Amino acid sequence: MKELLLALPAGRSTQGARFGLTPAHMAYRVGPGLRLLGQRLPDGLRGGLMLLSCAGLEGGGDPVNCCRQVLGECRRRGYRGIVCDFEGMPSDILGRTAEILARNCAAQGWPLYVPEPYAPHAPGSRVLIPSAVTSGTLERRLREAAERYGPHRAALAVEWVREDFPLPAAGRGEPVDREALDEMLRRLQPATFFDRGLCAHYFTYMAGPKAHFVLYDSPRSIREKLGLARRLGLCAALLPQPEIEAHLEEIFGPNA
């Protein structure tokens, strides 16, 4: 795997560099009028990648000027690539933005990472494939992505999942935070299992007459997901720093 990226919230510190992880700085978004907005970062911060969100974007603007601002900030900070954390289906404006960034990143020799719906707008970009699957298997999902885009473009976007599904399950479950999951495990003391197809742990329980299925990740399941991506030859993985920081040694250490 060429690159391990760590999505790092603005102002957070990390020990990720010890394990070969490169920060993708979550300090930027495309704001109203299609302008680049950013949180304050230390003046001396250099290197890594820019992680660019579109959260809350409404209205129009000039994609050319927006991309000029993005690329200028990357040069100023010494970033060597961009992760587009764009949610949902592409709008005309964001599709055009991804297209311009792809062309300019290619000229600079920088990688551009985009969610799968944006792949047609950004030729040559690296395509982020979410690790959470609700049907089939993760291996099948990643194989299909590697066949469609080539393993040199397919990248794993790791989600640390904790979700509660009423049975029969359909779509995504209800998110469960870490404290609530820990409390459920203590209170219910359920039999837990590891699903190799999903690369995740699970247990079931009853809430009144209704059966529930809880799917959740651990350092072990994250290692399994990364190992699968390596075996399939994927080019990169993006991991969430807030979830994995306390488990870096378990996931990436020599005894992992």
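In which strand is the place of E3? In this predicted model, E3 belongs to strand β1, which spans residues 3-9. The relative accessible area of E3 is 6%, and because buried means under 20%, this residue is classed as buried. When neighbours within four places in sequence are left aside, the residues in contact with E3 are L49, R80, P111, Y113, R126, C235, A236 and A237.

Helix α2, comprising residues 92-108, has 17 residues and reaches 25 Å from its first C-alpha to its last, a span close to the 24 Å expected at 1.5 Å a residue. Its buried residues are L94, G95, T97, A98, I100, L101, A102 and C105. An α-helix has 3.6 residues a turn, so residues three or four places apart point the same way. The buried residues of α2 pack against the strands β4 (49-53), β5 (82-85) and β6 (112-115), and also against helix α1 (63-77). After α2 comes G109, a residue with a positive phi, near 75 degrees.

A further part of the model is organised around an open sheet of 5 strands, in which the pairing is antiparallel and the order is β10-β9-β13-β12-β11. The edge strands of this sheet, each pairing on one side only, are β10 (174-175) and β11 (193-195). The pairing between β9 (residues 162-166) and β10 is antiparallel and extends over 2 bridges, and within it P175 of β10 is the bridge partner of E163. Helix α4, formed by residues 178-188, lies across β9, β12 (200-207) and β13 (210-216), and runs at about 65 degrees to β12. Helix α5, formed by residues 219-231, likewise packs on the sheet, where it touches β11 and β12, and its direction makes about 135 degrees with that of β12.

The analysis of open space in the model identifies a largest pocket holding about 570 Å³. This pocket is lined by 22 residues, and those lying nearest its centre are D85, A157, V158, E159 and L238.

Note on methods. Residues are numbered from 1 along each chain as its sequence is written. This is a predicted model: local features need pLDDT of at least 70, side-chain atom pairs count only at pLDDT 80 or more; totals for chains, interfaces and linings use all residues. Side-chain values use heavy atoms; hydrogens and water are left out. Two strands pair if DSSP finds at least two bridges between them. Helices (H or I, at least four residues) and strands (E, at least two) are DSSP runs, numbered from the N terminus. Contact means heavy atoms within 4.5 Å. Axes are lines fitted to C-alpha atoms, for helices over the stretch in contact, and angles run from 0 to 180 degrees between N-to-C directions. The expected span of a helix is 1.5 Å times one less than its number of residues. Buried means under 20% relative accessible area, exposed over 50%, partly exposed in between (1.4 Å probe, protein chains only). On a 1 Å grid over the protein atoms alone, a cavity is a set of points where a 1.4 Å probe fits but cannot get out, and a pocket is an open set with protein on both sides within 12 Å along at least five of seven lines; lining residues have an atom within 4 Å of a point. Grid points are joined across faces, edges and corners, and a volume is the space filled by probe spheres set on the points.
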